[in-house]
Amino acid sequence: MRALGIAGLLGLAACAPAPETGRPLTAQSYAHWSLLPAASVIAPGQFALAGATASCDAAPTVLNPHLDDTAAAYGDFIVVNPGRLTGLAPAVQHWAYAHECGHIRFGADEARADCSAVEDGARQGWLTRSGLDQVCDYIGTTKADLRHDGGAARCRAMRVCFAKVANIK
Ligand SMILES: [Zn+2]
């Protein structure tokens with residue numbers, strides 16, 4: 001659940017062979033420099049999780065089995081580790097993807113990404129109250145770190161976001 005800002009990109013450049021083109025990182029260049037096959041880059045709207053489309057505006061999705069997280073947002077694309085995602089409940093898979101989409105839309109703010117994800121889920125129909133319970137079970141044991149509040153606090157905030165959208169349906 002990471003969003004790479006300028007510092008993160010600099011860190012990446014410092015420890016990996018990065019293209020010295022001066023151009024922004026794209027899904028294709030990320031896949032190339034991560035030694036992933038070209039087919040790892042999925043066009044916007046073409047990616048599916050648990051049998052249902054997972055899309056994020058115009059963002060492509062890159063499949064990276066070496067990513068040390070379930071999903072991450074880099075610039076204007078989403079990277080997922082299929083092996084880490086597919087064992088999770090469908091609602092949790094879609095939430096993890098939509099959380100990264102929230103980073104692409106709104107930047108590094110974790111609370112904003114969480115809220116954006118549950119709003120998308122309520123509007124698009126892949127997140128129900130019981131699905132949100134599964135998400136809360138999934139993150140409920142996580143501790144706060146520099147970027148994330150603890151799981152319980154994140155869940156309280158997400159339930160407020162969810163109720164606002166669910167109530168206007
Ligand atoms: Zn995040």
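Good morning. In helix α5, the residues Glu110, Ala113, Asp114, Cys115, Ser116, Ala117, Val118, Asp120, Gly121 and Ala122 are buried; a residue is called buried if 20 or more other C-beta atoms, placed from the backbone, lie within 10 Å of its own. Helices here are DSSP runs of H or I with at least four residues, strands are runs of E with at least two, and both are numbered from the N terminus.

Two remarks on the source. The model is predicted, so local features need pLDDT of at least 70 and side-chain atom pairs count only at pLDDT 80 or more, while totals for chains, interfaces and linings use all residues. Residues are numbered from 1 along each chain as its sequence is written.

First, the overall plan. The chain holds seven helices and seven strands, in the order β-α-α-β-β-β-β-β-β-α-α-α-α-α. Of its 169 residues, 35% are buried.

I return to α5, which covers residues 110–124. Its 15 residues reach 21 Å from first C-alpha to last, close to the expected 21 Å; that expectation is 1.5 Å times one less than the number of residues. What covers its buried residues? The cover includes α4 (90–106), α6 (129–139) and α7 (151–167). After α5 comes Gly125, with a positive phi near 95 degrees.

Val118 of α5 leads us to the core. A nonpolar core is a set of buried Ala, Val, Leu, Ile, Met, Phe, Trp, Tyr and Cys residues joined through C-beta atoms within 7 Å. The largest one has 39 residues, of which Ala71, Ile78, Val79, Trp95, Tyr97 and Val118 touch the most other members. The elements giving it two or more residues are α2 (27–33), β6 (71–74), β7 (77–80), α4, α5, α6 and α7. Which element gives the largest share? That is α4, with eight residues.

β6 and β7 pair in the antiparallel sense over four bridges, where pairing requires at least two DSSP bridges. Ala72 has Val79 of β7 as its bridge partner. The strands form a hairpin with two residues between them, and Gly75 in the turn has a positive phi of about 60 degrees. Both faces of β6 are covered, with Ala71 and Ala73 buried on one side and Ala72 and Tyr74 on the other.

Finally, Ile78. Beyond its neighbours within four places in sequence, Ile78 is in contact (C-beta atoms, placed from the backbone, within 7 Å) with Cys56, Ala59, Thr61, Ala71, Ala73, Tyr97, Glu100 and Cys101. Thank you.

Methods. A residue is buried if 20 or more other C-beta atoms lie within 10 Å of its own, exposed if 12 or fewer, and partly exposed in between; C-beta atoms are placed from the backbone. Two residues are in contact if their C-beta atoms, placed from the backbone, lie within 7 Å.
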